[in-house]
Amino acid sequence: MSRLLELSGLTAGYGGVRALDGLDLHVDEGEFVVLLGPNGAGKTTTMKTVSGLLKPVSGQMRFAGQDLAKVAAWRRPALGLGHVPEGRQIFPDHTVLENLALGGFPTRRRKAETDRRRDEMLEIFPRLAERSSQLAGTLSGGEAQMLAIARALMAAPRLLMLDEPSLGLAPLKVAELFGYLKRLHDERGLTILLVEQQASTALRLADRGYVLERGRVAVEGTGAELREDPRVQAAYLGQL
Ligand code: ATP
């Protein structure tokens with residue numbers, strides 16, 4: 001498997017706050033990797049730094065063989081980096097279809113290609129097809145999350161980064177959402193980096209995982225290894 005994303009010695013922060021402190025991690029092509037860790041461990045900051053919302057202080061980021069330091073943030077989606085940030089951030093005053101069309105923009109595809117991908121998304125997420133002309137701001141939490149994911153997929157990312165997509169969803173909706181992620185990975189070979197608080201479920205889905213603590217990797221291993229690890233069990237007591 002070829003290495004798609006590789007972070008080494010990554011350090012980043014906000015003013016005086018050091019959020020990442022020498023982070024090393026990688027995601028190989030076709031992998032499903034989960035990032036766990038307590039609040040404030042640096043999970044969101046990792047994704048923000050990779051997508052370019054935050055500039056690292058030091059360290060290296062390589063994506064698809066390129067040095068990300070040399071790729072402007074706005075060019076990263078076209079390179080294949082997809083990011084569904086925490087809180088979804090869909091366009092509430094636009095319809096479902098308009099949101100999907102906007103998702104195709106970074107790659108500047110031809111209209112026929114955008115339309116084909118949009119139809120594919122509506123096939124994957126039938127709920128969105130039923131609600132295609134509804135304003136995104138009126139969707140339920142679960143539907144809005146599906147739209148955020150479908151929109152990111154419109155750009156045909158090589159890596160999809162998802163920041164706590166389950167946040168605020170009812171348990172049944174979380175199961176449905178994770179079912180979609182698993183199918184996108186298993187059936188379409190999508191490479192996924194997922195930040196998730198629901199450790200148990202996430203570790204069952206993922207090929208591998210990392211537990212971050214204070215901006216660096218504290219534990220890493222396969223999903224099964226992490227579920228057996230006493231440190232992980234201690235941190236997520238009762239959940240696994
Ligand atoms: P959570 O699970 O709570 O979302 P996280 O692992 O995603 O946590 P980050 O959001 O990456 O953690 O935050 C890492 C550290 O950086 C924390 O100490 C946080 O308080 C700090 N931090 C995050 N965003 C900012 C900001 N905009 N300004 C200042 N400090 C910030």
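R158 is partly exposed, with a relative accessible area of 36%. The model described here is a predicted one. In this model the side chain of R158 meets that of E29 in a salt bridge, with an N to O distance of 3.2 Å. The two partners belong to distant parts of the chain, 129 residues apart. E29 sits in the loop that runs between β2 (17-28) and β3 (32-36), whereas R158 sits in the loop between α6 (141-154) and β7 (159-163).

E29 has a relative accessibility of 27%, and this value places E29 in the partly exposed class. The cut-offs matter here: a residue is buried under 20% and exposed over 50%, so values in between are called partly exposed. By this rule R158, at 36%, also counts as partly exposed.

Another of them joins R127 to E176, whose closest N and O atoms are 3.4 Å apart. R127 is part of helix α5 (residues 126-130) and E176 is part of helix α7 (residues 171-188), so this contact ties together parts that are 49 residues apart in sequence. Both partners are partly exposed: R127 has a relative accessible area of 23%, and E176 has a relative accessibility of 25%.

How far apart in helix α7 do R183 and E187 lie? They are 4 residues apart, about one turn of the helix. Their side chains meet in a salt bridge with an N to O distance of 3.8 Å. R183 is partly exposed at 43% relative accessible area, while E187, at 57% relative accessibility, counts as exposed. Elsewhere, salt bridges with shared partners join E113, R116, R117, E120 and R188 into one network.

## The ligand and its shell

The ligand is surrounded by 13 residues, of which N39, G40, K43, T44 and T45 are the closest. By residue class, the shell divides into 5 nonpolar, 6 polar and 2 charged members. Helix α1 supplies 3 residues, the largest share of the shell.

For T44 the atom concerned is a polar backbone atom, 2.8 Å from an oxygen atom of the ligand. An N or O atom in the side chain of Q197 is 2.9 Å from an oxygen atom of the ligand. Taken alone, the ligand exposes 630 Å², and the protein buries 63% of that area. The elements that contribute two or more residues to the shell are β2 and α1 (43-51).

## Helix α1

Is α1 mostly covered or mostly uncovered? The helix is mostly covered, with 7 of its 9 residues buried. These buried residues are K43, T45, T46, M47, T49, V50 and S51. Among them, T45 has a relative accessible area of 6% and is therefore classed as buried.

Just after α1, G52 takes a positive phi of about 100 degrees. The C-alpha atoms of T45 and R158 are separated by 20 Å, and the two residues are 113 residues apart along the chain.

## The largest nonpolar core

Which residues touch the most other members of the largest nonpolar core? They are F125, I149 and L194, in a core of 45 residues. Elements that give two or more residues to this core are β3, α3 (96-103), α4 (111-124), α6, β7, α7, β8 (191-195) and α8 (199-205). Of these, α6 gives the most, with 9 residues.

L122 is found in helix α4. Its relative accessibility is 16%, so L122 counts as buried. Between the C-alpha atoms of L122 and P230 the separation is 42 Å, for two residues that are 108 residues apart along the chain.

Conventions. Residues numbered from 1 in each chain as written. Predicted model: local features only at pLDDT ≥ 70, side-chain atom pairs only at ≥ 80, totals over all residues. Heavy atoms only, no water. Salt bridge = Lys/Arg side-chain N within 4 Å of Asp/Glu carboxyl O. Buried < 20%, exposed > 50% of the residue type's maximum accessible area, 1.4 Å probe, protein only. Near = heavy atom within 4 Å. Polar contact = N/O pair within 3.5 Å; in protein donor to acceptor, adjacent residues only side chain to side chain. Areas by Shrake-Rupley, 256 points an atom, 1.4 Å probe, with all protein chains shown as cover. Nonpolar A, V, L, I, M, F, W, Y, C, P; charged D, E, K, R; others polar. Core = buried A, V, L, I, M, F, W, Y, C linked by side-chain atoms within 4.5 Å.
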